[in-house]
Amino acid sequence: MQEYKFDEFKIYQYRWKEVDANSFLVVSNRKALLFDVIEDDELFDTLTNLDEITVILTHSHFDHIYGLNQLRRLNTNIVVY
């Protein structure tokens, strides 16, 4: 995971090495915007500690949506676009 810190928010980059895919997570005040949902335990650990999660799926390839069902089991307070 890569972490980028700014005054009001943080951006995390998670990489699923087996298929060379990424998720990007923007977090501010326990709210998050997640771009694509890869399979990554560290990502899921971070997401369980958040109050609100909005997911943007950039496209429907399996490596960009694979973790969506697991995310829904961990946190039901999500919106998916």
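The protein has three helices and six strands, both being DSSP runs numbered from the N terminus (H or I of at least four residues for helices, E of at least two for strands). Along the sequence these elements follow the pattern β-β-β-β-α-β-α-α-β. This is a predicted model, so local features need pLDDT of at least 70 and side-chain atom pairs count only at pLDDT 80 or more, while totals for chains, interfaces and linings use all residues. Residues are numbered from 1 along each chain as its sequence is written, and side-chain values use heavy atoms, with hydrogens and water left out.

Let's start with the overall form. The radius of gyration of the protein is 12 Å, close to the 12 Å that the globule rule gives for 81 residues, so the protein is as compact as a globular protein of that length; the radius is taken over C-alpha atoms, and the rule is 2.2 Å times the number of residues to the power 0.38. The C-alpha trace spans about 35 × 25 × 20 Å along its principal axes. Of the 81 residues, 32% are buried, where buried means under 20% relative accessible area, exposed over 50%, and partly exposed in between (1.4 Å probe, protein chains only).

Now to the aromatic rings. Rings of Phe, Tyr and Trp (its six-membered ring) pair if their centres lie within 6.5 Å; planes under 30 degrees apart count as stacked, over 60 as edge-to-face and the rest as tilted. By this rule there are four aromatic pairs. One of them joins Phe6 and Phe9, stacked at 4.9 Å centre to centre with 25° between the planes. Phe6 is partly exposed, at 46% relative accessibility, and Phe9 is partly exposed too, at 32%. Trp16 and Phe62 make an edge-to-face pair, with 6.3 Å from centre to centre and 75° between the planes. Because Trp16 lies in strand S2 (residues 10-16) and Phe62 in helix H2 (residues 62-65), this pair ties together parts that are 46 residues apart in sequence. Trp16 is buried, with a relative accessible area of 11%. Ring pairs link Trp16, Phe62 and Tyr66 into a cluster.

Two loop residues are also worth a look. Asp20, found in the loop between S2 and strand S3 (21-28), has a positive phi of about 55° although it is not a glycine. Asp36 lies in the loop between strand S4 (31-35) and helix H1 (41-47), and its phi is near 65°, a positive value in a residue other than glycine. Asp36 is buried, with a relative accessible area of 5%.
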